[in-house]
Amino acid sequence: MTLMSLGLRRADGSLNFSALAKAMSPGRWKPSLLLATFTLWVFIAEFVDMFVVHHSRFATPTIEAAVDGAILLIFLSPAYFLFYLPLKIRWQQERAAQREVQLLNRKLFETAEDERRKLALELHDHFGQSVTEMQCRVEKVLGQLKPSESTAREEVVALRQSVEQIGHDIRKFASSLRPEILDDMGLIETLKWHVREVVENHPELQIDFDTAGVKKRFSSDTEITIYRVCQESLHNIVKHANASQASVTLVYSHPELILTVRDDGDGLPSRDDNATECPISGLGLLGMRERITALGGTFEVNSKPGERTTVRAMIPVNGAV
Amino acid sequence: MVDRCLDIFIIDDHPVIKEGVPSFLGDCRDMRVIGSASEVHQALKKLRYLSPDVIVLDVSMPDMSGLDAIALFKQELPDAKVLMFSMHEKEAYVHRALRAGALGYVVKGSPISELVEAIRAVHSGEYYLSPCMRKEVYQTYLRDRQEEPAETGGYDLLTEREQQVFRLLVAGSTTQQISKSLNLSPKTAEKYRTSIGKKLGTRNLVEMVKYAMQLGIIDTETWGQS
């Protein structure tokens, strides 16, 4: 019955040997079960050893010690092959799989950022320029209109305004896809700008920005990841935290870059909320963690309900540019 | 008799600007565009034979950043005034441009008449800033002036090695443990500790920890884990 429920016995009653072999292979056992079995095995070995040594008469103590050692060795060598080796292989496989997932994640984020960058550039270069051209033409028309043609003038002025607005919106949208300031000026200026933007849109929140030890540029994926985490954290604070004060700190502590975002808000209510996504960066806490781990870094969230939340991201930057 | 014509050189990689602006400026009698280029190096070559009064320069260029190019143009033509004409509406760009020697900053997308105004202002040696940027620039100015000297200033003086030692110290390691994990002699580790204290102005470990917490290097919740 139990065998059947485990899938080891087929419906017709015959044993499913391949499944049985799989289940018996220690490499698939839980480590705790494996440890228990191994301990039991050692106990049996010790018991047999004691039994043999106790019930035999040896010519000299040296021979007794040799027999003692031999019995232990006979018992322990299969244990090495049966227990330790499969376990080691499994650990190695797990580590390799983890590395692969990390690598794939990294590739995924890179591709996404690349797409955003391309899209932003296209918006700037293509649509932005067309709007500028339109503006030039509208201005020219405005210059050629006589003062007496007041209705036409009004219309053209309105047209000029809407063209200006379109240009502004395009630039803003492109910037939200991928802030060009990050490539041009680096992390500090970008974070400063972003903090300023958030404060501008949410005057009820005060945000301090502080930085120390950051003297060089970092690889592009490190920079964009730090920016995205900051963006997402501030977004969360504005959306959910109900905070009045927050701070963003960027510190280089060799060999890691550390971003800390703190707020004095409500804290995170429960673990379920980790999945909430930010429409801009598409991240959420879970996503932030994945992005940081993809770069081999650590991500921590500490929250005290009703008091504060701290988000910390640490990325190793051996490849600093 | 009007003054001598104001000579302008435009550097922008977008044909719309390179062609549109001259056609617009054509309406102004006292200005003329004497040349244009779509790359910084191309511009430098052309400028050997020309001496414009005002150089209108874009920030995003295919071969190098316009911000970095300002110094090159100032070197080539010390008398020419540089006016940035850029789509970036961020204070950091204005700051970098003005520091590098540009006199004006006009945002693309503002009325073209603004560009004319800016060219005139810059030519007479005045600073010019697009009205849409003024608020941000003034606000930054005000904030930076009112900020007290940053307490974190000392941290910038630390070398990478000292940063490492500092991080281990505040995470609770003893000098001996540090010397072991970083492969230093205990004496060297002790030296680092003293020099860190001097640079940060901290008298003891407790002050160092406080300093580190302020910077977010350690967090009380995850004490010693990092």
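## Parallel strands in chain B

Strand S1 (residues 6–11) of chain B and strand S3 of chain B pair in the parallel sense over four bridges. Two strands count as paired if DSSP finds at least two bridges between them. Helices (H or I, at least four residues) and strands (E, at least two) are DSSP runs, numbered from the N terminus. This is a predicted model: local features need pLDDT of at least 70, side-chain atom pairs count only at pLDDT 80 or more, and totals for chains, interfaces and linings use all residues. Residues are numbered from 1 along each chain as its sequence is written, while chains are lettered from A and ligands numbered from 1 in the order in which they are written.

In S3(B), B:Val56 is the bridge partner of B:Ile10. S3(B) also pairs with strand S4 (residues 81–86) of chain B, again parallel and over four bridges. There B:Val54 stands opposite B:Lys81. S4(B) and S5(B) are parallel as well, with four bridges. B:Ser86 of this pair stands opposite B:Val107.

## Strands covered on both faces

Strand S3 (residues 54–57) of chain B is covered on both faces. B:Val54 and B:Val56 lie on one side, B:Ile55 and B:Leu57 on the other, and all are buried. Buried means that 20 or more other C-beta atoms lie within 10 Å of the residue's own; exposed means 12 or fewer, and partly exposed is in between, with C-beta atoms placed from the backbone.

Strand S5 (residues 104–107) of chain B has buried residues pointing both ways. B:Gly104 and B:Val106 point one way, B:Tyr105 and B:Val107 the other.

## Helix H9 of chain B

Helix H9 of chain B covers residues 186–200. At 1.5 Å a residue, its 15 residues should span 21 Å, and its end C-alpha atoms are 21 Å apart, which agrees. The expected span is 1.5 Å times one less than the number of residues. B:Ala189, B:Tyr192, B:Ile196 and B:Leu200 are buried in H9(B). Seen down the axis, the buried residues fall within an arc of 55°, so they line one face of the helix. The arc is that of the directions from the helix axis to the C-beta atoms. An α-helix has 3.6 residues a turn, so residues three or four places apart point the same way.

The other side of H9(B) has B:Lys187, B:Thr194 and B:Lys198, which are exposed. The buried residues pack against helix H7 (160–170), helix H8 (175–181) and helix H10 (205–215) of chain B. Contact means that two C-beta atoms, placed from the backbone, lie within 7 Å. Just after H9(B), B:Gly201 takes a positive phi of about 70°.

## A loop residue and the domains of chain B

B:Asn183 sits in the loop between H8 and H9 of chain B. B:Asn183 is exposed, with 7 other C-beta atoms within 10 Å. Its C-alpha atom is separated by 26 Å from that of B:Leu215, 32 residues apart along the chain.

The domain assignment of chain B gives domain 1 (6–145) and domain 2 (152–222). Such bounds come from an automatic or database domain assignment. The centres of these two domains, taken over C-alpha atoms, are separated by 47 Å.

## Chain A in outline

Chain A has nine helices and five strands. Of its 321 residues, 26% count as buried. Among contacts in chain A between residues at least 6 apart in sequence, 65% join residues at least 24 apart.

Its domain assignment gives domain 1 (16–102), domain 2 (116–177) and domain 3 (181–316). The centres of domain 2 and domain 3 of chain A, taken over C-alpha atoms, are separated by 35 Å.

## The sheet of chain A

Five strands of chain A form an open sheet in the order S1-S2-S3-S5-S4, with mixed pairing. Strand S1 (206–212) and strand S4 (298–304) stand at the edges, each with a single partner strand, so one side of each is left without a neighbour in the sheet. The twist averages 10° from one strand to the next. S4(A) and strand S5 (residues 308–316) of chain A are antiparallel, over seven bridges. A:Arg312 in S5(A) is the bridge partner of A:Glu300.

Helix H7 (residues 187–201) of chain A packs on the sheet, touching S1 and strand S2 (245–253) of chain A. Its direction makes about 175° with that of S1(A). Axes are lines fitted to C-alpha atoms, for helices over the stretch in contact, and angles run from 0 to 180 degrees between N-to-C directions.

## Helix H9 of chain A

Helix H9 (residues 284–294) of chain A lies across S4 and S5 of chain A, at about 150° to S4(A). Its buried residues are A:Leu285, A:Met288, A:Arg291, A:Ile292 and A:Ala294. Their cover includes helix H4 (61–144), helix H8 (220–241), S4 and S5 of chain A. A:Gly296 follows H9(A), with a positive phi near 80°.
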